Amino acid sequence: MAAGRRTLAPQISGLAMAKTILEMRGITKTFPGVKALQDVNLDVREGEIHAIVGENGAGKSTLMKVLSGVYPYGSYEGEIHFAGQECRFNGIHDSERVGIVIIHQELALVPLLSITENLFLGNEQAKFGVIDWHSARSRAKKLLARVGLNENPDTLITNIGVGKQQLVEIAKALSKEVRLLILDEPTASLSEKDSHALLDLLLEFKRQGMTAILISHKLNEVKKVADRVTVIRDGRTIETMDRDDVSEDRIITSMVGRTMEDRYPTRTPKIGETIFEVKDWVVHHPLHPDRQIIKGINLSVRKGEVVGIAGLMGAGRTEFAMSVFGRSYGTKVSGEVLVHGKPADTTTVEKAVAAGLAYATEDRKTYGLNLIDHIKHNVTIANLSGVSSRAGVIDDMGELKVAKDFRKRTNIRSSSVYQVTGNLSGGNQQKVVLSKWLFSDPDVLILDEPTRGIDVGAKYEIYTIINKLADEGKGILVISSEMPELLGICDRIYVLNEGRIVGELAGHEASQEKIMRAIVRGEEKAAS
Amino acid sequence: MTTETAAPTEAAPARQSMRDALKENLRQYGLVLALLIIMVFFQVMTSGILFLPVNLTNVVLQNSYIIVMALGMLLVIVAGHIDLSVGSVAGFVGAVAAVLMVDYGLNPLLAAIVCIAVGGVIGGAQGYFIAYMKIPSFIVTLAGMLVFKGLLLALLGGRSVGPFPTEFQMLSAGFIPDVIGRWTIVAPALNASGTAIPNTGIVLHSTTMLIGVLIVLGMFYAATRSRRAQESHGHETEPFGLFAIKNAIMAAIIMFLMYKFASYRGLPNVLIVMGILTALFVFITKRMTFGRRIFAMGGNIKAAALSGIKTERLTFYVFVIMGMLAALAGLIYAARLNQATPKAGAGMELDVIAAVFVGGASAMGGVGEVAGAVIGAFIMGVMNNGMGIMGINIDWQQVIKGLVLLGAVAFDLYNKKKA
């Protein structure tokens with residue numbers, strides 16, 4: 001009950017007049033197989049900006065979804081009190097009615113509608129279903145003025161930049177008589193300048209008396225605007241600190257301070273010569289070709305080595321991997337890929353596979369599997385020539401044998417190889433994706449978030465497979481947002497931030513603090 | 001909906017339980033069963049006319065061009081697309097054939113080859129816009145439907161062109177030659193002038209019967225071989241009793257139909273064409289990488305692309321094939337009418353698409369079977385034929401066909417949800 005005691009602390013520190021507007025008590029939220037939140041407590045005082053920080057997947061967004069009613073009352077345990085009343089929200093409409101408005105990380109604007117139309121989406125200025133465009137436009141103008149956005153309200157959302165879109169989102173929130181504004185990583189996709197403008201706006205709202213919750217993992221932002229900071233890790237509240245106590249060191253320790261348990265199978269690496277190299281890799285955004293996403297990356301993987309790529313969301317890790325793998329992402333890609341020391345053509349997926357690369361996606365449902373087809377067909381699809389004659393006739397029995405072998409080898413739990421992959425659990429789906437790429441017999445495997453959304457037991461199995469592959473002499477590149485995972489399985493870790501490599505650490509000397517520091521330093525460098 | 005059982009174990013050659021095997025077979029052969037029920041229903045309602053040899057032959061002739069196009073449409077729909085232009089393309093190609101053969105006197109075989117090539121080019125052109133320019137197939141082929149309907153009118157200038165050379169008519173009106181000779185089992189009754197009275201006696205087209213026997217033997221051989229292979233690899237097989245009964249029933253159905261054809265004029269040429277094409281497309285979809293890739297693409301195009309499948313080229317080829325089949329269907333239709341008319345092909349695309357959906361294909365792509373599409377076409381065709389004989393008005397025929405289409409797809413979805 002550490003947090004409970006801390007609510008008393010400010011009475012001594014002199015901020016005593018501020019009364020608590022939001023109190024979340026003992027929030028526990030369970031998903032099948034995972035406890036996303038465990039006994040989380042949160043107090044927010046009226047008129048403050050309260051920052052919530054934590055690693056990716058720590059439970060920040062889940063907590064906010066509980067608060068805003070996305071997860072309705074009854075789907076979680078614990079109590080929510082807002083402005084002195086217990087709240088049992090059944091949906092986002094209920095929370096908005098009492099004045100809690102959330103702005104999600106992914107903007108919820110309709111690109112081909114105007115600013116005005118977006119501002120009042122679902123909340124139209126209408127009488128008997130007939131929209132009063134005059135009053136809508138004049139209200140829109142007032143709202144835009146409040147957020148300092150100087151745009152014609154008839155402009156289409158698609159024609160304004162991301163920074164301005166974020167302001168429209170805020171204006172939309174203001175149109176709903178907001179008492180508590182929740183911003184979920186509002187600056188994640190903004191430039192430095194837009195971020196500053198947004199934070200200044202937040203401070204201005206605070207002066208006008210609004211309460212806000214800011215979810216962020218950018219510590220400089222937190223230090224700039226937050227009155228208090230709550231740290232969440234592994235679905236639990238670790239501590240809440242006052243502005244004066246906030247320091248980078250303390251937040252980092254708090255964020256990552258978990259003990260390394262025996263969650264990773266051991267392995268003695270047998271590392272050979274370099275088999276995979278990427279040189280001066282540059283990638284531009286597919287829709288905004290003048291925006292560089294990957295800004296000159298150099299890296300290498302050796303035989304039998306497991307190499308990690310650490311970084312925060314949006315650092316460009318997936319973009320890097322997909323652009324290497326058959327130019328599946330981005331435009332104006334330049335740079336060189338070497339496999340076994342020789343330049344490799346990876347301009348199409350087919351050529352990349354032929355060159356010995358494989359890429360197992362982070363999003364197995366969208367990019368990895370044909371969910372309406374069974375395991376057998378999914379396992380062989382990346383290497384159909386391996387089970388068919390030259391003329392393209394598939395050897396039925398041979399294919400079945402391959403599928404059965406991989407089902408056994410990667411321990412896929414299913415009724416048979418004829419089970420539809422859409423009905424498998426996340427861990428088993430991931431094993432199907434791995435099997436598919438193992439069957440293409442690559443020299444280098446790029447595994448993007450190989451354990452995302454799967455339970456601890458299945459994670460261990462995936463790690464075991466990774467180790468076995470490394471022992472067989474393959475080079476493995478693992479992208480992960482979970483730092484302990486990288487520390488647990490990698491021989492070497494690159495730290496990626498904003499499209500650049502900002503650090504390279506040997507596995508034995510790497511630590512979460514060092515990775516975090518490399519990221520933060522990289523960010524400071526970018527800012528200055 | 002997570003179903004998991006114990007970790008995989010390697011079992012000795014296993015047998016499915018009778019219940020599982022029956023269930024699987026029912027799902028697989030449900031459409032055949034539906035077709036049989038519909039046929040029996042109309043047999044009763046038309047007081048026995050439906051199964052008359054001459055009428056069965058007619059059903060085949062009336063639906064041959066629909067079935068030919070349904071083969072291509074199945075690929076298109078499995079790939080996640082649609083082709084609204086096939087009716088117009090078929091009509092247009094029929095007109096091209098008429099102009100080449102009737103107006104310019106070109107050799108029929110040469111003209112047919114040119115026409116199918118024209119169909120391939122048309123399909124390729126549409127496929128290019130769909131695959132590479134990423135314009136939705138609905139829009140591209142809607143445009144194609146208008147364009148080729150217009151070109152058909154322009155080419156014929158409002159007239160009907162015919163008749164075709166006899167060799168060409170044989171495509172739709174001909175029957176396979178009886179190389180062995182008629183086989184009289186019961187001599188037909190003669191009328192007063194000494195000629196045979198139709199529908200009396202049993203005189204069989206022996207080549208047709210021979211082909212029927214060969215097909216049945218081939219089917220037995222293939223089924224046994226596949227079962228052996230499964231057993232030798234230690235895979236699960238269905239109980240032998242069920243296997244035997246299933247094949248015996250299929251053989252009986254085939255021989256019954258062959259007998260019906262044989263007691264009229266034998267197998268129509270166009271049925272041979274259809275049979276070969278159907279077998280080819282079953283093989284392509286079931287056994288060839290090309291077919292497998294189409295299913296993978298229709299199921300999840302992003303995953304397919306990331307697995308190294310050239311999704312654009314594949315889409316392009318699917319439309320080329322569709323174009324060629326539409327052209328062939330146009331030839332069959334023109335040969336059947338023995339002239340090219342400005343109205344040829346109108347609305348045909350809807351019958352084709354309906355056949356594929358009745359046959360169990362998913363509008364979302366990734367699911368469908370060639371055999372299903374063919375049976376779907378026959379279900380619609382038998383209903384047309386049966387209702388026609390019963391004298392049901394064309395207006396009510398449309399209503400009933402519409403409801404059957406809706407009902408078939410609804411039933412299919414309901415079944416899948418339950419499974």
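**A helix pair in chain B**

Modeller: The axes of α6(B) and helix α12 (residues 311–337) of chain B approach to within 7 Å and cross at roughly 105 degrees. Here axes are lines fitted to C-alpha atoms, for helices over the stretch in contact, and angles between N-to-C directions run from 0 to 180 degrees. Helices (H or I, at least four residues) and strands (E, at least two) are DSSP runs, numbered from the N terminus. This is a predicted model, in which local features need pLDDT of at least 70 and side-chain atom pairs count only at pLDDT 80 or more, while totals for chains, interfaces and linings use all residues. Residues are numbered from 1 along each chain as its sequence is written, and chains are lettered from A and ligands numbered from 1 in the order in which they are written.

The two helices α6(B) and α12(B) are therefore roughly perpendicular to each other; angles under 35 degrees count as roughly parallel, over 145 as roughly antiparallel, 65 to 115 as roughly perpendicular and the rest as oblique. From α6(B), the residues B:F168, B:Q169, B:L171, B:S172 and B:A173 meet B:L331, B:I332, B:A335 and B:R336 of α12(B). Two residues are in contact if their C-beta atoms, placed from the backbone, lie within 7 Å. By class, six nonpolar, two polar and one charged residues make up the contact of α6(B) with α12(B). Ala, Val, Leu, Ile, Met, Phe, Trp, Tyr, Cys and Pro count as nonpolar, Asp, Glu, Lys and Arg as charged, and the others, Gly among them, as polar.

B:P163 lies in the loop between α5 (137–156) and α6 (166–173) of chain B. The peptide bond that joins B:G162 to B:P163 is cis, with omega near -10 degrees. Another loop of chain B, between α1 (18–45) and α2, holds B:S47. Phi of B:S47 is positive, near 45 degrees, although the residue is other than glycine. B:S47 counts as exposed, with 9 C-beta neighbours inside 10 Å; a residue is buried with 20 or more other C-beta atoms within 10 Å of its own, exposed with 12 or fewer, and partly exposed in between, with C-beta atoms placed from the backbone.

At the level of domains, chain B divides into domain 1 (48–174 + 268–414) and domain 2 (180–267), with bounds that come from an automatic or database domain assignment. Taken over C-alpha atoms, the centres of domain 1 and domain 2 of chain B are separated by 28 Å. Eight residues from domain 1 of chain B and five from domain 2 of chain B form the contact. On the side of domain 1 of chain B that touches domain 2 of chain B, α2 (53–78) and α9 (269–287) of chain B are the elements that give two or more residues. The largest share of that side, four residues, comes from α2(B). Its residues divide into seven nonpolar, one polar and no charged.

Finally, the partner chain: 28 residues of chain B are in contact with 33 residues of chain A. On the side of chain B that touches chain A, α10 (289–299) and α11 (301–306) of chain B each supply at least two residues. Of these elements, α10(B) gives the most to that side, with six residues. The side of chain B that touches chain A comprises twelve nonpolar, eleven polar and five charged residues.
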